[in-house]
Amino acid sequence: MRDTALVIMAAGIGSRFGGGIKQLEPVGPGGEIIMDYSIHDALEAGFNRIVFIIRHDLDKDFREIIGSRIERVADVAYAYQELDALPVGFTVPEGRKKPWGTGQAVLSVKGIVKEPFLVINADDYYGREGFFKLHDYMVNQMDVNSDVHDMCMGGFILANTLSDNGSVTRGVCTLNADGTLREVTETYGIEKKNGGIIACDVDGNPVSVQAGQHVSMNMWGLPLRFLDELEAGFPRFLSSRKEDDIKSEYLLPTIVDQLVKSGRASVKVLETKDKWFGVTYREDKETVVAAIRRLIADGVYRERLYD
């Protein structure tokens with residue numbers, strides 16, 4: 001069977017979480033964090049290596065809270081996303097505080113990952129279905145040597161990915177008749193309001209979204225060669241920024257969308273009807289804890305996940 005890695009993006013600062021390290025908040029009865037459940041599901045699906053993307057300042061706490069525990073059940077490696085990890089000739093603009101987005105995060109695993117890999121966010125609960133569907137595609141269908149990058153994506157239903165405590169950002173998708181991705185558009189300010197769902201584009205202009213649309217939750221199954229695309233595209237992204245721009249990000253959905261539209265990638269969208277939950281806002285934690293309790297009561301997880 002083909003080796004596959006799970007890559008977890010855990011370097012986010014968590015500004016909407018009141019400054020805390022939201023990825024490390026316990027939500028399970030045994031002190032488990034959301035990542036524990038994702039890793040558990042990924043290992044059961046057949047992924048056999050875990051790569052954490054973190055920041056150097058998180059290293060000690062991260063290893064103590066989760067890293068050392070996961071090292072007892074899986075092969076673990078670490079990559080580091082830092083603000084100043086830039087190509088030769090580029091410097092951090094004055095006033096920039098955050099790293100450069102999910103594209104830069106995944107680029108940090110180049111040289112560490114040696115196999116097809118699945119990317120997820122650290123602070124999102126995805127459910128079991130997506131891990132099994134994507135692993136099956138990556139092992140049995142993905143052509144890792146194709147000139148056109150053969151990729152897959154967990155296709156979540158928009159209505160299943162909303163927070164009760166504020167707006168979220170999602171990659172809203174349009175599909176072709178064969179279930180492949182035609183377009184993914186980073187969409188902001190998505191929230192339930194007056195019995196419907198509102199959203200806006202990057203400039204704050206209202207856009208229309210539908211409850212049943214597929215969205216990306218940054219659950220991407222990628223061939224190893226995709227890292228070459230990230231490496232080549234990062235300098236182009238940096239060069240295209242306006243001089244006073246200190247907030248723009250090199251984002252996976254945007255990169256994938258460009259590759260699809262240029263004919264250099266094909267993305268199979270694998271629908272999952274599992275309900276997302278995550279700690280975007282501090283108020284979300286209570287909802288997540290209650291959801292985990294229900295899953296344990298339904299027999300999906302053991303009360304002590306690794307017992």
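Which glycine takes a positive phi just after helix 6? Glycine 263 does, with a phi of about 80°, where helices (H or I, at least four residues) and strands (E, at least two) are DSSP runs numbered from the N terminus. This is a predicted model, in which local features need pLDDT of at least 70 and side-chain atom pairs count only at pLDDT 80 or more, while totals for chains, interfaces and linings use all residues. Residues are numbered from 1 along each chain as its sequence is written, and side-chain values use heavy atoms, with hydrogens and water left out.

**Helix 1 and helix 2**

- Two packed helices are described by the angle between their axes and the distance between the axes.
- Helix 1 (residues 34-45) packs with helix 2 (residues 59-70) at an angle of about 15°, and their axes are 11 Å apart; axes are lines fitted to C-alpha atoms, for helices over the stretch in contact, and angles run from 0 to 180 degrees between N-to-C directions.
- At that angle helix 1 is roughly parallel to helix 2, because angles under 35 degrees count as roughly parallel, over 145 as roughly antiparallel, 65 to 115 as roughly perpendicular and the rest as oblique.
- Met35, Asp36 and Ile39 of helix 1 make the contact with Phe62, Ile66, Arg69 and Ile70 of helix 2, where contact means heavy atoms within 4.5 Å.
- Sorted by class, the contact of helix 1 with helix 2 has 5 nonpolar, no polar and 2 charged residues; Ala, Val, Leu, Ile, Met, Phe, Trp, Tyr, Cys and Pro count as nonpolar, Asp, Glu, Lys and Arg as charged, and the others, Gly among them, as polar.
- Aspartate 41 also lies in helix 1, and with a relative accessible area of 0% aspartate 41 is buried, a word that means under 20% relative accessible area, whereas exposed means over 50% and partly exposed in between (1.4 Å probe, protein chains only).
- Leaving out residues up to four places away in sequence, aspartate 41 touches Tyr125, Gly127, Arg128, Phe131, Phe132 and Tyr301.

- Helix 5 (residues 226-240) and helix 6 (residues 252-261) pack at an angle of about 105°, with their axes 12 Å apart, and that makes helix 5 roughly perpendicular to helix 6.
- On the helix 5 side, Phe226, Glu229 and Leu230 meet Leu252, Ile255, Val256 and Leu259 of helix 6, and the residues of this contact divide into 6 nonpolar, no polar and 1 charged.
- Helix 6 is mostly covered, with 7 of its 10 residues buried, and the buried residues are Leu252, Pro253, Ile255, Val256, Asp257, Leu259 and Val260.
- Arginine 241 is found in the loop between helix 5 and helix 6, and its relative accessible area of 18% makes arginine 241 buried.
- Not counting residues up to four places away in sequence, arginine 241 touches Pro93, Trp100 and Ser248.
- Arginine 241 and valine 215 are 26 residues apart along the chain, and their C-alpha atoms are separated by 27 Å.

**A pair far apart in sequence**

- Alanine 290 is found in helix 7 (residues 284-297), where alanine 290 counts as partly exposed at 29% relative accessibility.
- Although alanine 290 and valine 27 are 263 residues apart in sequence, they are 8.6 Å apart in space, C-alpha to C-alpha.

- Most residues other than glycine have a negative phi, and most peptide bonds are trans.
- Asparagine 194 has a positive phi, near 50°, and lies in the loop between strand 8 (181-193) and strand 9 (196-200), where asparagine 194 counts as exposed at 78% relative accessibility.
- Asparagine 218, which is not a glycine either, has a positive phi of about 60°; its place is in strand 10 (residues 214-222), and at 12% relative accessibility asparagine 218 counts as buried.

**Cysteines**

- The structure holds 0 disulfides, a disulfide being a pair of cysteine sulfur atoms within 2.5 Å.
- For cysteine 173, the closest cysteine sulfur is in cysteine 152, 13 Å away and too far for a bond, and cysteine 173 counts as buried at 5% relative accessibility.
- For cysteine 200, the closest cysteine sulfur is in cysteine 173, 17 Å away and too far for a bond, and cysteine 200 is buried with a relative accessible area of 19%.
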